Amino acid sequence: HSDTCSRLPEGTRVLAENLDGIPVALEWCPGFQGIQFHPEVSHTKEGKAILANFLRLAVNPAKFRIASFKDHLIDRVRSQVGSRKVVCGVSGGVDSSVLAALLHESQVDTRNIFVDNGLLRKGEARQVEAQFRSIGIKIETIDASARFLEALAGVTDPEEKRRRIGRLFVQVFFDAVGKDVDMLAQGTLYPDVIESATSGSIASTIKTHHNRVDRIMELKAEGRVIEPLDELFKDEVRALGRTLGLSDEVVGRHPFPGPGLAVRCPGEITPDKLEIIREADAIFIGQLREQGWYDHVWQAYAGLIPVKTVGVKGDERSYEYAVTLRAVISEDAMTADWVRLPYDLLAEVSNRILNEVRGVNRVLYDISTKPPASIEWE
Ligand code: XMP
């Protein structure tokens, strides 16, 4: 986007130019070629073919299979961990579930800790426990919801909320595992590695509450952090999860932010507001699943608009909150478009929310692209 080839390196031949006449593909000698654009992005026509051809020429033949990559990852985990003890934070999301399954398959001595921060969706804590139980992985749940709600009481600034949630998460986590952590496993993916190398990107601030916390930095400096998924993209993590025996329900889950419902509840977080979001979200997601839309959507949720507007209840005026529904498609969460859901589906979700969720008299559908909007509300 900003790099350009203004002078050709000696001994090169131009293979292709863009519409402005700038070289975008060069050859030094047969078999030694280079391109100056992104074959991997979805907008590049035939980008996959370029990469496939490259692999065919370079690897001869390309034998990359996620199943054999799994063996490579297991070997790496075993050699990094040895006989040490590993702690792993699980959230029920795809990345940490695949990580826990990989550690389990590697047969390293692992403690899986699940912190219930009180900002989870309806029934989520129980679902996560059941999900791990069903594949024979033991997890320890710490119900810290009261502590989180207390820490968030009266706080309205979005970044301050994130900071508090992040700090408390680490505190609760290390209270549970004790000070002497042999090794910590994190579900960092390759895009996170790229993004933290690119200063100033939006994404690099998103995960601040995961990465920049002192204790974790200390462990990192001591070489006690392993990130076994750090060479994989999300779709590869999903494929790996399947070869590790995780169900489609787990590997196909929508992304869910670390600070949970807090980023879908602008202003002060209260149990009442969380209850509204949970109920509305369960109705919306349930309908998306029932009507076959869930897997066509990158991420969807119901959030709360903390403004009380007028409505009618019986013969009286009522002032209640609005709920916003958001469903987006995206490749990598950096850009997103809203999903053209059928009106009938939206109508049913809206009717059910208005009838079944107390404290709501308005349902809106968010038709904002990212940018300029973001996927979450905060
Ligand atoms: P935005 O709202 O920035 O979200 O368009 C992009 C993606 O990142 C997720 N997200 C977060 N994830 N901690 C996280 O772990 C956060 O603070 C956070 N904020 C947003 C969001 O759900 C979406 O998938």
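Contact here means heavy atoms within 4.5 Å. This is a predicted model, where local features need pLDDT of at least 70, side-chain atom pairs count only at pLDDT 80 or more, and totals for chains, interfaces and linings use all residues. Residues are numbered from 1 along each chain as its sequence is written, and side-chain values use heavy atoms, with hydrogens and water left out.

Begin with helix α5 (residues 145–152) and helix α6 (residues 158–177), whose axes are 10 Å apart and meet at an angle of about 150°. The two are therefore roughly antiparallel, a label for angles over 145 degrees. On the α5 side, R147, F148, A151 and L152 touch α6 residues K161, R164, I165, L168, F169, Q171, V172 and D175. Sorted by type, the residues of this contact are seven nonpolar, one polar and four charged.

Now for the backbone. Most residues other than glycine have a negative phi, and most peptide bonds are trans. E46 is exposed (over 50% relative accessible area), at 60%. Q107, also not a glycine, has a positive phi of about 55°; this residue sits in the loop between α3 (94–105) and β5 (110–116) and is exposed, with a relative accessible area of 68%.

Finally, visit the segment after β12 (360–365), where P371 is found. The peptide bond from K370 to P371 is cis, with omega near -15°. Another cis bond joins P371 and P372, with omega about 5°.

Technical notes: Axes fitted to C-alpha atoms, helices over the stretch in contact; angles between N-to-C directions. Helix = DSSP H or I, 4+ residues; strand = E, 2+ residues; numbered from the N terminus. Parallel < 35°, antiparallel > 145°, perpendicular 65-115°, else oblique. Nonpolar A, V, L, I, M, F, W, Y, C, P; charged D, E, K, R; others polar. Buried < 20%, exposed > 50% of the residue type's maximum accessible area, 1.4 Å probe, protein only.
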